[in-house]
Amino acid sequence: MNYKLSDIIHKFAIDADISPYGNGHINDTYIAESNPRYIMQKINSNVFKNPYEVMENIVNVTEHLKQKIAENGGDTSRETLRVIKTIDGDTLYLAEDGNYFRMYNYIENATSYDAVENPQQFTEAARAFGKFQNMLADFPADKLHETIPNFHDTRKRFENLKKAIAEDKMGRLESVKAEVEFALAHEAEVGTIVDAIADGSVPLRVTHNDTKLNNVMLDNVTGEGVCVIDLDTVMPGSLLYDYGDALRFGASTGAEDETDLSKINFSLELFEAFTKGFLGEVGSKLTPRERELLPFGAKIMTFECGIRFLTDYLEGDTYFKIHREHHNLDRCRTQFKLVADMEAKAEEMQKIVAKY
Ligand code: ADP
Ligand code: GN1
Ligand code: MG
């Protein structure tokens, strides 16, 4: 890249110091220290093949959210992302090297956490994701582009893993025998949600699809959810994806890339905290099959993420950003440890869900 980021922000009529920000695995995120502050992102075009479609979704979704927030008497300047246009009125700036940049309002006086600090905090995150889901319940799904095809089609993810195993491009297969064995032993379950969507027992809804704890901003004073961010994957999906993915990340007793697996367990206390908040918002809307599949949703989303990390490891780390050698393998291992722990705790998880 032979241009400066400070030149790129001028294209959005902003003049400020700019520096790297956040811990996302996909885009390159920067903060512009102007007044007010802004977030600039270089879109990962390996992941998002059509950045204009991503932005069209986000503009439509955030306008819808803005209207809902206003109707509810909320603060539209903080409770939703807002796309800042370029001086030419575009949602993206195309740099000379082919990279696309976008700008958002910075959500002030709020924090995105990389780990849950206490159960109440996780309940607040759950409420925010539940409300987000509710506000989009009447969003016309046919207006949305599928920004990543088959994003949570676990069966397709499993096929991709099998292909990566067969190809073994990096010669890493020998070193991941145990993980591959664990993954293959779960084949019978990979189609459960996809099949339930196909037979209509689990409805398609407009979902976020990436409900990691650091994709929601919590208020620095009240601790309540302020704004759900990272809207690149808002698409038709299952509520089980949003519920399950949030638990995958937030109810773990350790970091996603922890190498000491003795520190990784699935916390039933945090499972309950999230379930309470999420079902408090959306519980009355669930179909019987959705309700029945809640614990399974947490497990299968964790499994899916685990096989995605494993696939990326076998393919040479081309999808998720890595910061050290074997990073994706370390991430895969925590996910599989969590899956095994959820299997051991399945009965208790069912009992907790039945309480709400
Ligand atoms: P990625 O797709 O790479 O995960 P995100 O959109 O999630 O990118 O951004 C990465 C991180 O940057 C977030 O986890 C959050 O900490 C921070 N961030 C992103 N957008 C904003 C925003 N508008 N206001 C404040 N922080 C933000
Ligand atoms: C990515 O973008 P980020 O870091 O919030 C990924 C999610 C994974 C997650 C694993 C678009 O989320 O699907 O669950 O990493 N996002 C995309 O931490 O692939
Ligand atoms: Mg993110």
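How many aromatic pairs does a search of the whole structure find? It turns up twelve of them. Keep in mind that this is a predicted model.

**The Y52–Y100 pair**
- Y52 and Y100 pair up edge-to-face, with 85 degrees between the ring planes and 5.5 Å from centre to centre.
- This pair ties together distant parts of the chain, since its members sit 48 residues apart.
- Y52 belongs to helix α2 (residues 51-71), while Y100 is in strand β6 (residues 100-105).
- Y100 has a relative accessibility of 17%, so it counts as buried, the cut-off being under 20%.
- Y52, on the other hand, is partly exposed, at 40% relative accessible area.

**The ring cluster**
- F122, Y243, F266, F271, F274 and F278 are joined into a cluster by ring pairs.

**Helices α7 and α8**
- Helix α7 covers residues 239-250 and helix α8 covers residues 268-282; their axes lie 10 Å apart, at an angle of about 155 degrees.
- Angles over 145 degrees count as roughly antiparallel, so that is how α7 and α8 run relative to each other.
- The crossing of α7 and α8 is right-handed.
- On the α7 side, the contact is made by L239, Y243, A246, L247 and G250.
- α8 contributes L270, F271, F274, T275, F278 and V282 to the contact.
- Sorted by class, the contact of α7 with α8 has nine nonpolar residues, two polar ones and no charged ones.

Technical notes
Residues are numbered from 1 along each chain as its sequence is written. Chains are lettered from A and ligands numbered from 1 in the order in which they are written. This is a predicted model: local features need pLDDT of at least 70, side-chain atom pairs count only at pLDDT 80 or more; totals for chains, interfaces and linings use all residues. Side-chain values use heavy atoms; hydrogens and water are left out. Axes are lines fitted to C-alpha atoms, for helices over the stretch in contact, and angles run from 0 to 180 degrees between N-to-C directions. Helices (H or I, at least four residues) and strands (E, at least two) are DSSP runs, numbered from the N terminus. Angles under 35 degrees count as roughly parallel, over 145 as roughly antiparallel, 65 to 115 as roughly perpendicular and the rest as oblique. A crossing is left-handed if the near helix is turned anticlockwise from the far one by less than a right angle, and right-handed if clockwise. Contact means heavy atoms within 4.5 Å. Ala, Val, Leu, Ile, Met, Phe, Trp, Tyr, Cys and Pro count as nonpolar, Asp, Glu, Lys and Arg as charged, and the others, Gly among them, as polar. Rings of Phe, Tyr and Trp (its six-membered ring) pair if their centres lie within 6.5 Å; planes under 30 degrees apart count as stacked, over 60 as edge-to-face and the rest as tilted. Buried means under 20% relative accessible area, exposed over 50%, partly exposed in between (1.4 Å probe, protein chains only).
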